[in-house]
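Here is a short report for a first look at this model.

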Amino acid sequence: MQEHIVIIGNGISGVTCARHIRKRSDSKITIISGETEHFFSRTALMYVYMGHMKFEHTKPYEDHFWEKNRIDLVHGFVEDISYGTKTLKIRSGEDVSYDKLVLAVGSKPNKFGWTGQDLPGVQGLYSYQDLELLEQNTHPYGTPENKQRVKRAVIVGGGLIGVELAEMLVTRNIKVTFLVRENKFWGNVLPKGEGELVKRHIIEHHIDLKLESELDVIHAGEDGKVSHIMTKSGERIDCELVGLTAGVSPNVEFLKGGDLALQRGIIINQYFETNQKDVYAIGDCAQFDEPVVGRRNMEQVWYTGRIMGETLAATLCGEKTKYNPGHWFNSAKFFDIEYQTYGWVFANNREGEKSFYWEHEKGKMCMHFVYEGSTGKFLGLNTFGIRMRHEVINDQLNHERSIDYVISHLADANFDPEFYTLHEPEIAAAFNSQTDYKVQLKKKSWKRILRLSK
Amino acid sequence: MKKIQLIAITLFAITMVAFVSSLFISGFQVSSETINSHLDSKGMKSEILKERLLNEVSGVEFSNSFSATGKIRSVFIESNAIHEANVAEHRSNKEWDKSNDERQNIAKGNYRDFAYDLMKPSGNGHVHENKGLWLFLTFGLASIASLIFILINLKVLGPAGIKNTGIYFENNTSKGWIAWVTFSFLVLFYIGLYFFPSVIINWTYIVDPVKDIFGGGGASQWFLYGLLYCTAMSIMGIRMIVKYRHNKYQIVRTISVVFFQVVFAFLLVEILPMFGLPGVDLKNAWPLDYDFLFDWNVTNLLANGHFGKFVFVWGISLSLVIIPVMVYFYGKRWYCSWVCGCGGLAETLGDPYRQHSDKTVKAWKFERYIIHFVLLFAVFMTIWTGYTSYQQVYHPDMDYNDKVTLLGISSDTIRSWYGFLIGSVFSGVIGTGFYPIFGNRVWCRFGCPLAAYMGLVQRFKSRFRITTNGGQCISCGNCSTYCEQGIDVRAYAQKGQNIVRSSCVGCGVCAAVCPRGVLKLENGPEFNRISPDNPIVLGNEAFTLNSDITD
């Protein structure tokens, strides 16, 4: 009989895994999701709220894709898993039995036990349901000021989702107060220069950014809904909406109490194997017992979810493959400013690391290079407002190029649209003046660029 | 600020109402001299036609263009019907001479142009008498109002960046009633322009003062169209630049496309005849310029000395040499979104509707059938009309029927069907009229034979591609949503594949709206331009699928 692979969760991890299983084998594949019937891009929910797109545009595949590729979809929540009999209990549905089970159940917004965190008008932003809730909690686009349901919102937690939520709410003419615990924006990730740049840009968009402010208590008014919050420093802020965006944690509540080994997430080894036979976990919900060298034990970004899905599909189809994600990369957008990162740039240089920071005079672009002080080996790059070519940087990291090589070959790496002003001479000059290097810029070479994709 | 914008938009709406009502509030009185001289100049011999026109049209005060057109129409058709009946009767009586004589009485052409020619010199209402005032009330005020609205957006919309907020909430851009009104207006406008020019004759009066700058003689409906086109493109071009002011590619491209429209498609076409030269649009290339080999065009060019011959040779080299070479180096974008008038209107006036293009695989399949069918149609029509032109030039004395007939098919028939179906209905009524509903590139995507031709070059032999930036795609869908050509850009980007599609016009908006810097339009070596169908996106080192061909 055909092997039945069941995947719980139709996010990027689960769906990528299913697609790659189908490329490699004829196994029966079922994806179960309680969130939505079809896969959508979670990162695009903000654009639906802002009216850039409709929800259907966030679906990367047309609805007929699944049947054509013989991927069965079940829209429902899994309530219980029996690992011994290899069956799943689905709320309001039949039992499903599996030969192999993939848990790709994602995560949910953190709530740190604040008083009032479950009041109406308090919410996170992660799932499709969160988007629906946000629509209910706020007023429609274009509502005149005197009829607005929400005059002011408070966002708690200065990370990527927080800044997205701020951008979203501003489009409904809601005033936003943004509470950030650290003394700079996204302080556990961004170095000082970048944090300052983002901070300025957030303020430019009329966000009331409060650094070193922490939420203490959320209060309800007479109607039972949020009326104001108090910060730990005793400040009262009146608001009708509170956005909790202080990170996410694995969505493993429904798995607790069973035989599956859990800590913060589902414990897996480097082959995504859990402690249960034929049960695997990938994506946001997974926690490596031993992380890949230099990486965190939980990786909760789009790209790692996709890489895990690709990799696990090989294992499930008989080619046992270790998680080997290559060089770290990530990207985001802070209002109008794009951000990309390649390799490792930490909030503070680690021992032996040196960095070179360049910022454009208008303060909306910067580049931050990190390299080994002793050898000059290039370690990583943050770039704001300037696009970089992934393949080129990845290749430079692979070949352990030195920092002067990277700077002199910036033209190869630039990925900005045609006709954009290039800042390479300025960057190189700044680098030469700040360090002992004497870098000369090389012209862009397609030969060098293409050798990578050969 | 927003209040001023509201006032501006209201003012704009009023000017539109004024523009439309100008058709209804200004009348006509056709003089007997106009009738006599027109019949003479056209060699129309019918006494019935003449008499009825003199009795029923001449001296009658028509209150608007509709009633005047209606009257002339019935006289024209009824007169022809009588003559045709007579011809039939003579034939059945085998009175061949009489039948041939009577046949001369049937008026050639159609009543629409006939009515236009009689009415154009005969306007007498408020619009006709106050052309300058109406020019200001419509073109003038509408331009001022739109510019105020657009320039205030510099402040209202905040710092430079992507400005797509509310597109799917705003009435106009999400197929609300404003979109449907705009749709109806555009469709009716094109039907009037192509098929009932006499009905919109008052609009030509409005632009007569502008025509006077170019030697006068009264504006035709085509002059009206050209001026309206240039005005709309210039103003909406400014809007485009304000909207995408953070993106230099969009700024340069928009300036270019507006420049080519205003200078080449309008100013030169008007100015050249002032020096006795044929007024041709030098950038309009066959097969988009489908009448290039029509006999009247060929004979006209060849009769116009060195310049005419230059234009003839230029037209041929443009289509056969310059276009494929340029597409090889830069992709078809150099034409479609940098030079072309149709593309220019789509990129400026049509920009607010770009998201409506259909992205389904079904639409893509349909597109491939229909656009290549139009290309074949254009090629066949050109062979037939080219044959006719050849005979016209080299054997002018040949019998007319022999000149137009090749393999038993008449080139007149083919070209009139092409002109009606493709030239008027597809490119105008559907191509532009349907902007607010089907998106701004319906014609360019499904109908333009030049786009199909360049698409073949772009797909198979070109240095142009949209590069996908390694593994950075988050499948958000902005690129696909805002692709006016209905390309599912994301489908390639999320697989790490470059986008090499024949239909891509290189507008660059996918790369502009991408929130992660994933897409870049560029010209580079052909090597690996079309990425292999590699299942693993960059960033995953667990596989070494391509290791054997690296370094």
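Predicted model: local features only at pLDDT ≥ 70, side-chain atom pairs only at ≥ 80, totals over all residues.

Strands of a sheet pair through backbone hydrogen bonds, either parallel or antiparallel.

## The hairpin

E13(A) pairs with strand E14 (residues 226-231) of chain A in the antiparallel sense, over five bridges. Within this pair, A:Ile218 stands opposite A:Ile229 in E14(A).

E13(A) and E14(A) form a hairpin, with five residues between them. The turn includes A:Gly224, which has a positive phi of about 85°.

## Where chain A meets chain B

The contact between the chains involves 54 residues of chain A and 51 residues of chain B. Several elements of chain A each supply at least two residues of the side that touches chain B. Among them are the helices H1 (12-24), H7 (302-316), H8 (390-398) and H12 (446-453) of chain A. Strand E21 (329-334) and strand E22 (337-343) of chain A also belong to this group.

Which element supplies the largest share of the side of chain A that touches chain B? That is H7(A), with six residues. By residue type, the side of chain A that touches chain B divides into 19 nonpolar, 19 polar and 16 charged residues.

Key. Residues numbered from 1 in each chain as written. Chains lettered and ligands numbered in written order. Pairing = 2+ DSSP bridges. Helix = DSSP H or I, 4+ residues; strand = E, 2+ residues; numbered from the N terminus. Contact = placed C-beta atoms within 7 Å. Nonpolar A, V, L, I, M, F, W, Y, C, P; charged D, E, K, R; others polar.
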